[in-house]
Amino acid sequence: MIQEEFGNISSRWIVDDDDTCVETDDDLKLRCWASMPQELLTDILMRIEASESNWPARKSVVSCAAVCRNWRMIVKEIVKCPEVSGSLTFPSSLKQPGSVGSLTQCFIKRNRNAQTYNLYLNLTEASNDDGKFLFAAKRFRRTICTDYIISLNADDISKGSSGYVGKLRSNFLGTKFRVYDAQPTNAATLATKCHSSRMGSVKRVSPKIPARNYPISNISYEVNNPGTRYRGPRQMRCVMNSIPANAVEPRVGPTQTDFHLNNGDSFSSLSLSRSKSAHVSDSHLGSLVLKNKNPRWHQQLQCWCLNFNGRVTVASVKNFQLVASLENENVTKEHEKIVLQFGKIGKDVFTMDYQYPISAFEAFAICLSSFDTKITCE
C-alpha cells in the first residue's frame, strides 16, 4: 500500500485564471509523506530495505529514495554498500567493491550480430530468464586496436552517451588490455586534471567531473611461442592499479557513496569512488595483482578442469578463475580465494561471479577481454 501511494506521487500544480497556484491532491499526499515524524519514517524505510533484499522487489528501495530529499537522505544512511550488504541497489554500487566472503552471481548475454554484451544480476537459476540489467558493452574494431565501450544504457552504447562509464582497449594481437574509467578514482588523479594551460593559472575542479578516460587496470595474456603445439589453458595476469595489494584482507566496512536519482543528471556525474578499505591511499603497498588459477589435468576426460561449483557447464578456452597472485606481499596459498570466475553455460550465455575487492565494472571489463580474439594465444 505504501509503495503504491509514493510510487504515484507527482508534483503538478494547477494555475487558476487569477495566476494563483493551487495544490493538487498529489501535492497534498507528498506533503503528508515528507512531514512524517523522523523516527517513524526511518523505521518504515528500514523495514522496506530489509524485506526487499533482491531484485525485482528491491526497486521499492529506489522508489523510496525518489520521493523527496528527506527520504533520500534517510535511504542513503540505511542502504549499505555492496561490501557490507552484498546487494546492488544504486548505479554507484556498480563501481564499489563486491561483497566480502560470498560471490555476487551475474551473467553475460552475447549478441554476435550486434557485437554487444549485456550484464545482468542473476535472479533465477534458468539461464533464459533476464535478470536485473547492470551494464551493456559494444565491440568496436579499430585499425590497430579494439575498443569495448561500456554503458549503463543498452540503447545508446557510445562515448557520447549519458550512460558512458568506461571502456576496455586491446592491442592489435589481443594480448594486452587496459581498462579505462570515465571518472577518476581518487583525488590525486583530479589534481593532475585541474591545471589550466592559460598563464599557468589553476581552475577549480567542478563538482561534476567531465567524462574522460582514466586507466585503472591492465590485463595481459601470455603469448605462446611460435612453432610450439601448446594447447593448455590461457595464462592471464591483471594489475589492478586502483586497488592496493593488501585489499585481499578486508578491514573496516565503508560508507555508501553518493548517488543521483534525477534523470536530468548525467550518469557520468555519479560519485563512484572506491571504499575506504580499498582506497589508493595505501599506494606504497603496490597494486593488487590477480592471475588465473591453474586448472588440473583430468586423465579420464583428457581435458583441463576447474571447480566452478556448478556455475559453469560448457567447456571453453574462455573459462577462468582469478585469484590473488603470490607477487603481492603477504599473500600465500591460504589467500587464494576466488575473486572472479567466468565461464560458459550456453551458446551465447556466460556466468560472471565476483567478490571483494573488485567491483562489477572491473569484473565485467576483465571478462570482456576473454571474448576478444587472441591471435597468438589460441
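Me: Which residues do ring pairs link into a cluster?

Reply: Happy to start there. Rings of Phe, Tyr and Trp (its six-membered ring) pair if their centres lie within 6.5 Å; planes under 30 degrees apart are stacked, over 60 edge-to-face, and the rest tilted. Here the cluster joined by ring pairs consists of Tyr-117, Tyr-148, Phe-320, Phe-342, Phe-350 and Phe-371. This is a predicted model, where local features need pLDDT of at least 70 and side-chain atom pairs count only at pLDDT 80 or more, while totals for chains, interfaces and linings use all residues. Residues are numbered from 1 along each chain as its sequence is written, and side-chain values use heavy atoms, without hydrogens and water.

Me: How many aromatic pairs does a search of the whole structure find?

Reply: The search gives 11 aromatic pairs. Take Tyr-120 and Phe-133: their ring centres are 6.0 Å apart with planes at 70°, so this pair is edge-to-face. Tyr-120 is in strand β4 (residues 116-121) and Phe-133 in strand β5 (residues 132-141), 13 residues apart; strands are DSSP runs of E, at least two residues, and helices of H or I, at least four, numbered from the N terminus.

Me: Is Tyr-120 buried or exposed?

Reply: Buried means under 20% relative accessible area, exposed over 50%, partly exposed in between (1.4 Å probe, protein chains only). Tyr-120, at 10%, is buried, whereas Phe-133, at 25%, is partly exposed.

Me: Why is the pair of Phe-135 and Phe-364 stacked?

Reply: Their planes are at 5°, with centres 6.0 Å apart, so the pair counts as stacked. Phe-135 in strand β5 and Phe-364 in helix α8 (residues 360-371) are 229 residues apart, and both are buried.
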